[in-house]
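Please look over the structure below with its strands and its pockets in mind. The briefing takes up strand pairing and then turns to the pockets.

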Amino acid sequence: MSELNKIALQILSEGKGILAADESTATMSKRLDAVKVQSNEINRLLFRQTLFSSLSMKECIGGVILYDETIRQKTSTGKTIPELINSSGSLTGIKVDTGAKILAGSIEEKVTEGLDGLRERLKDYYKLGARFTKWRGVYSISNKYPSDLSISSNAHALARYASLVQEAEMVPIIEPEVLMDGEHTARDCLNKTSRVIRRCFEELELNNVDLSGIILKPNMILPGANSNEKISNEEIAELTLECLKNNVPPTVPGIAFLSGGQSEIEATANLNKINIKNDTDFILSYSYGRALQQSALKFWSKDINNIAGTQEIFDHRAKMCTLASQGKWSENLENKK
Ligand code: 5MM
């Protein structure tokens, strides 16, 4: 078993998942504006360190993805944020892409940037305590998108990123996110996500990436956010598993879904059903941003010094997600806080 494979398995062991707290300053400011808290370095740190020092970090959160600002911050007791995360047995991850920019040659689509100088930045992040990384490609769905250009440009960048990360002895999370926006059906989402993921693996193999030392972070297969189609958790689970079985090589140890704008309960219920129906060898867990933090953020915004209350809300969410990644969640557990 390679060191990278061990790290990937450690992050996703025993139902544990990943807390995606890597919102860029622009996105975090949007989240804080929405709950009427001023977005400054101190408040961003306060909210995040509140989550990172909660009880569920030990039992539920195998890894936390940070943004550049946070990995360099210290808590009031002088610990660095990676030290705080590691103290509960969780691993520190870092978002290393520099964001999705308009793709030349395609009017509306985006390609994720950040390869320039990445080898040097990775050395720095390793010294700061990171053991895994994240890069997110975004794809929109419509009758003409995602285009072949967007599919191949993002796959190429993801693969070059992954190869550099493994060279730096860290585990790359590969996040090809097919967005939920649109009126498309779940079948469309299945077909387009399948093409996207297939192409990513072609490029990863071309770049000699060790597939046993990565974590895939895909979207679930869902109808578009503006579609009239209503499908059950059961169908979502079946389509999602079909997509993974047909397109992800079995050497990949773990898959951690993004929540992509689903509510906390939807993201939990769908993950639970996927695990109940899981007939693959993949570990199927979560790497949620909004679906882990939304309620905690709302509560915290009412009194940013109520650390224990905020942690209680976060602990509950993390526990529900960890149960879901073992297929042990049920709706009535939501009320037993
Ligand atoms: C937490 O949000 C991440 C960063 O977004 P920006 O770079 O746009 O600020 C994002 O990549 C996130 O990790 C994934 O999209 C998953 O988050 P959700 O909220 O969809 O689970």
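In this predicted model, strand 1 (residues 17-20) runs parallel to strand 10 (residues 283-288), and the two are paired over two bridges. Strand 10 also pairs in the parallel sense with strand 9 (residues 254-257), here over four bridges.

- Strand 10 is mostly covered, since five of its six residues are buried.

**The largest pocket**

- The largest pocket holds about 1,000 Å³ of space, and among the 42 residues that line this pocket, those closest to its centre are Thr 27, Lys 95, Arg 136, Val 138 and Glu 177.
- Strand 10 is one of the elements that each supply at least two residues of this lining, while the largest share, five residues, comes from strand 6.
- Sorted by class, the lining of the largest pocket consists of 18 charged, 12 polar and 12 nonpolar residues.

**The second largest pocket**

- The second largest pocket holds about 330 Å³ of space, and of its 15 lining residues, Met 180, Leu 222, Pro 223, Ile 236 and Glu 266 are the closest to its centre.
- The lining of the second largest pocket has six nonpolar, six polar and three charged residues.

Terms used:
Residues are numbered from 1 along each chain as its sequence is written. This is a predicted model: local features need pLDDT of at least 70, side-chain atom pairs count only at pLDDT 80 or more; totals for chains, interfaces and linings use all residues. Side-chain values use heavy atoms; hydrogens and water are left out. Buried means under 20% relative accessible area, exposed over 50%, partly exposed in between (1.4 Å probe, protein chains only). Two strands pair if DSSP finds at least two bridges between them. On a 1 Å grid over the protein atoms alone, a cavity is a set of points where a 1.4 Å probe fits but cannot get out, and a pocket is an open set with protein on both sides within 12 Å along at least five of seven lines; lining residues have an atom within 4 Å of a point. Grid points are joined across faces, edges and corners, and a volume is the space filled by probe spheres set on the points. Ala, Val, Leu, Ile, Met, Phe, Trp, Tyr, Cys and Pro count as nonpolar, Asp, Glu, Lys and Arg as charged, and the others, Gly among them, as polar.
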